[in-house]
Amino acid sequence: MKWTDDRGGNVEDRRGLGGSGAIVGGGLGTLIIAAIVFFLGGDPSSILSSGMGNSSPQTEQRELNANEKKIGEMVDMMGKWNIITWNQIFKENGMNYTPPKIVLFENTTQSGCGTAQSAMGPFYCPADQTVYMDMSFFNELQQRFGAQVTEFTVAYVLAHEVGHHVQTLLGTTQKVDALRRSGRYSEADMNRVSVATELQADFYAGVWARQTDNREKILEPGDIEAAIEAAQAVGDDNIQKRSQGYVDQESFTHGSSAQRKEWFMKGYNTGDIRQGDTFNQLLR
Ligand SMILES: [Zn+2]
């Protein structure tokens with residue numbers, strides 16, 4: 001992926017700051033986290049219990065190394081290109097875009113949705129309209145899920161989380177939350193809603209990639225393949241096969257590997273947000 005160091009992506013880098021970062025979690029915010037936005041899938045209940053005000057080890061303040069600094073610069077650049085691209089798309093559709101904040105952290109940090117921990121993977125918190133990313137997720141993606149990780153992998157994951165921000169600006173997040181709170185739907189039904197939500201975020205990431213490449217010429221051979229590989233690696237069927245040895249489609253919350261590839265590519269190939277109605281296509 002081609003990029004220049006021209007920042008302005010609304011990034012706050014909390015890496016290397018030290019301190020325990022521990023706060024009291026739980027409450028409404030944690031429920032919101034559990035309700036939406038994990039990139040990696042997994043069981044929200046384990047997050048709920050882990051977020052309940054546990055203190056974490058005090059860490060020393062430290063200088064970021066050259067590679068960590070470079071990744072921070074790149075995320076900032078991608079943040080800026082998300083702002084420019086979504087500004088444009090919203091304007092074309094007669095709306096105003098307000099960008100999310102992006103927080104880079106390590107170990108644990110405070111979020112508007114409770115305590116953020118590395119194990120949660122990157123997520124978006126609607127309450128403070130902020131994307132939280134711990135870069136150790138990408139090591140896990142490579143080592144545990146066998147995906148090659150490139151700069152564009154990071155860009156895709158960020159774009160997926162910004163996709164959840166777009167859903168919040170468009171009111172989709174709130175509608176899904178209302179469905180969940182109504183208590184009128186079974187867990188299996190809500191899982192299907194969750195899959196539609198996640199696949200739409202993948203779709204938006206594809207739209208972003210297409211429109212940003214049209215303008216900035218960022219893509220190099222292999223970049224789209226790397227994004228697809230990451231999307232497939234964290235497909236529910238792949239995660240379940242690796243973690244429990246079998247696949248249970250009813251419990252999918254993010255979509256299968258094939259669906260994640262399909263919707264990212266649909267966004268990339270069309271570049272048109274109006275083609276991304278995963279809800280009507282998947283919930284009939
Ligand atoms: Zn997601």
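A disulfide here is a pair of cysteine sulfur atoms within 2.5 Å. Keep that cut-off for the second stop.

**Before you start**

This is a predicted model, where local features need pLDDT of at least 70, side-chain atom pairs count only at pLDDT 80 or more, and totals for chains, interfaces and linings use all residues. Residues are numbered from 1 along each chain as its sequence is written, and side-chain values use heavy atoms, with hydrogens and water left out.

**Stop 1: the whole chain**

Show the protein chain as a cartoon. Its secondary structure comes to 11 helices and six strands. Helices (H or I, at least four residues) and strands (E, at least two) are DSSP runs, numbered from the N terminus. Colour by accessibility next. Of the 284 residues, 52% count as buried. Buried means under 20% relative accessible area, exposed means over 50%, and partly exposed is in between, with a 1.4 Å probe and protein chains only. Now the contacts, meaning heavy atoms within 4.5 Å. Among those between residues at least 6 apart in sequence, 77% join residues at least 24 apart.

**Stop 2: the disulfide**

Select Cys113 and Cys125. A disulfide joins them, with S to S at 2.0 Å. A search of the whole structure finds one such link. Cys113 sits in the loop between strand S3 (108-111) and strand S4 (114-117), while Cys125 is in strand S5 (residues 123-125), 12 residues apart. The link of Cys113 and Cys125 is right-handed, with 90° about the S-S bond.

Are the two cysteines buried or exposed? Cys113 counts as buried because its relative accessibility is 1%. Cys125 is buried too, at 0%.

**Stop 3: the zinc ion**

Select the zinc ion with His160, His164 and Glu198. The donors are His160 (NE2), His164 (NE2) and Glu198 (OE), at 2.0 to 2.1 Å. Along the chain they follow the spacing H-x3-H-x33-E. His164 belongs to helix H5 (residues 151-169) and Glu198 to helix H7 (residues 187-216), and this pair is 34 residues apart. Donors are N, O and S atoms within 2.8 Å of the metal (3.2 Å for Na, K and Ca); water is not among the atoms, so sites may look incomplete.

His164 is buried at 1% relative accessibility. Glu198 is buried, also at 1%.

**Stop 4**

Axes are lines fitted to C-alpha atoms, for helices over the stretch in contact, and angles run from 0 to 180 degrees between N-to-C directions. Angles under 35 degrees count as roughly parallel, over 145 as roughly antiparallel, 65 to 115 as roughly perpendicular and the rest as oblique.

Which residues of H5 and H8 meet? Phe152, Thr153 and Tyr156 in H5 meet Asp223, Ile224, Ala226, Ala227, Ala230 and Ala231 in H8.

Eight of its 11 residues are buried, so H8 is largely enclosed by the rest of the structure. Among the buried residues of H8 are Ile228 and Ala233. To see what covers them, show helix H4 (136-143), H5, helix H9 (236-244) and helix H10 (257-270), against which the buried residues of H8 pack.

**Stop 5: H3 across H7**

Select helix H3 (residues 66-92) and H7. They pack at an angle of about 95°, with their axes 10 Å apart. That makes H3 roughly perpendicular to H7. Contacting residues in H3 include Trp81 and Trp86, and those in H7 include Tyr204 and Trp208.

**Stop 6: Lys2 and its neighbours**

Select Lys2, in the segment before strand S1 (11-13). Lys2 is partly exposed, with a relative accessible area of 45%. Leaving out residues up to four places away in sequence, Lys2 touches Trp81, Lys217, Ile218, Leu219 and Glu220. The C-alpha atoms of Lys2 and Phe152 are separated by 9.2 Å, although the residues are 150 apart along the chain.

Move to Lys217, in the loop between H7 and H8. Its phi is near 55°, a positive value in a residue other than glycine.

**Stop 7: two loop residues**

Select Asn107, in the loop between strand S2 (101-105) and S3. Asn107 has a positive phi of about 65° although it is not a glycine. Its relative accessible area is 43%, so Asn107 is partly exposed.

Finish at Glu60, in the loop between helix H2 (44-50) and H3. Glu60 counts as exposed, at 68% relative accessibility.
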